[in-house]
Amino acid sequence: MSILIKNGRIITASDDYVADIFINGETVQAIGKNLNMPADEVIDASGKLVFPGGIDPHVHLSMPFMGTFSSDDYETGTRAALFGGTTTVIDFVLQTQGSSLKAALTDWQSRATGTAVGDYSFHMAVTDFNEETKKEIKTMIEEEGITSFKTFMAYKGALMIDDRQMIGLMNEVKANGGMVTTHATNGDIIDFLIAKHRSEGKLSPLYHYLSQPEVTEAEASARFTDFSDYTGCPGYIVHLTCEGALNAVRDSGKRNHKVFAETCIQYLILDASLYEKDFEGAKWVMSPPLREKKDQAALWAGINAGLLQVVATDHCPFMWEQKLMGKDDFSKIPNGHPAIENRMELLFSEGVNKGKISLNKYVEVSSTNSAKIFGMYPKKGTIGIGSDADIVIFDLNEKHKISADTHHMNVDYSGYEGWELTGKVKQVFLRGKKAIDNNQCLVKKGNGKFIKRNKVTGII
Ligand code: URP
Ligand code: ZN
Ligand code: ZN
């Protein structure tokens, strides 16, 4: 199948020009003015933006967590991602403490293989680093194409590892060409504050927020950058939310040590006042929690200063009934919120349209940098000759509203209900196949492919 996209305004992380794109099979074969190759389908993209398919490197699909499972599976989650212009996601395999990485991978593969609609890859979350786990790191990198290892510095008693395990893991991952990523908050302080609030009968969602003050994130982020500096292991902080944590990343740069950092769309545009809505605040109970307006300003500045390379979602949806598990105790509310479908359009509308980031920066943080950091570039993350034809055609003027009544995620509310956006995904191509056409999904369950990733260096 061949496709010719005519006269679109092509935006990459570095360029902005009008040209035609010729796709043959799964890849881009030619880019130029007035291409006249014969094609099975010709699409007129005049007046539209044409940019690389989004990459969301932080999602949780069918994840067992806090006594339940996140409500999007690989089919509903990756399909919703495609509707929103995201063609590749990276999900987290969670090692069960006392068990192997391989066993966890087999478990995740059984849920994803033949189910995903869009492309996907895996990070491996190491929750129990020991002599046995250590032996598996090389195999994960060299045979499975899983080159990033996630750690949790919080969720004490469930997912958290201690500093000794962290150092051991970093040494091993560095030796084999991988990267360690982390949920950087101080699990002990959070555990202390949760217990304190519960003992005082302070049980509403507001106390989820008050149990994770900025210092818990700033401290753990600084500790992680020190570990990364000390071991030389490439590092990446997931879902960074606040000024204090950003300062830790900036400080590590002063020592010429680079730790990559990601924020998520919600931290840029929502704030902690939502926790004052009594139990409705449970919609935004996530970890770390939403922060203050001053943190939003710091994060936008951090993107433009190159301290934050990625805007992800941490998509981890739960039905309202699941959120009600914590009706009488904030510590039992499953943590997470849905955004996989909304990220690209929200970031365009709130970021590009409101003059906070440029179009090139938009592509960089929503797609290109993830591909580079996580070993998928230039197969993914750009529009170039030989790259996968993962392409979004976008109407920058169309207005629309977000609503749970019309979204495609398997969750019965939206954290952005009624938000009015300017800019809409019109068509999405995944490896040369038209996947989305004007609000219709044209590809089926099983269409998504697992993307094996290359070794990484920590330099992009
Ligand atoms: O609240 C969140 N973030 N839920 C998903 C798990 C995690 O910490 O990323
Ligand atoms: Zn996390
Ligand atoms: Zn997460």
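The largest nonpolar core in this predicted model has 123 residues, a core being a set of buried Ala, Val, Leu, Ile, Met, Phe, Trp, Tyr and Cys residues joined through side-chain atoms within 4.5 Å. Phe51, Phe122, Met124, Leu240, Leu347 and Tyr362 have the most contacts inside it. Helix H13 (residues 359-373) supplies the largest share of this core, six residues; helices (H or I, at least four residues) and strands (E, at least two) are DSSP runs, numbered from the N terminus. Buried here stands for under 20% relative accessible area, exposed for over 50%, and partly exposed for anything in between, with a 1.4 Å probe and protein chains only. In soluble globular proteins, nonpolar side chains tend to be buried together.

Take Leu347 as an example. Setting aside residues up to four places away in sequence, Leu347 touches Ile265, Leu268, Trp300, Val311, Val352, Ile357, Tyr362, Val365 and Ser366, where contact means heavy atoms within 4.5 Å.

A quick word on conventions: residues are numbered from 1 along each chain as its sequence is written, while chains are lettered from A and ligands numbered from 1 in the order in which they are written. As this is a predicted model, local features need pLDDT of at least 70 and side-chain atom pairs count only at pLDDT 80 or more, though totals for chains, interfaces and linings use all residues; side-chain values use heavy atoms, with hydrogens and water left out.

Now for the metals. The zinc ion (ligand 3) has His58 (NE2), His60 (NE2) and Asp314 (OD) as its protein donors, 2.0 to 2.1 Å away. Donors are N, O and S atoms within 2.8 Å of the metal (3.2 Å for Na, K and Ca), and sites may look incomplete because water is not among the atoms. The spacing of these donor residues in sequence is H-x1-H-x253-D. Angles among the four donor atoms run from 85 to 133 degrees, and the site is tetrahedral. The zinc ion (ligand 3) sits 3.8 Å from the zinc ion (ligand 2). His58 is buried, at 0% relative accessible area, and Asp314 is buried too, at 9%.

His183 is buried, with a relative accessible area of 2%, and His239 is buried with 2%.

A polar side-chain atom of Asp314 lies 2.5 Å from a nitrogen atom of ligand 1, and one of His183 lies 3.1 Å from an oxygen atom of ligand 1.

How values were computed. Tetrahedral: all angles 85-135°; square planar, octahedral: opposite > 155°, others 65-115°. Polar contact = N/O pair within 3.5 Å; in protein donor to acceptor, adjacent residues only side chain to side chain.
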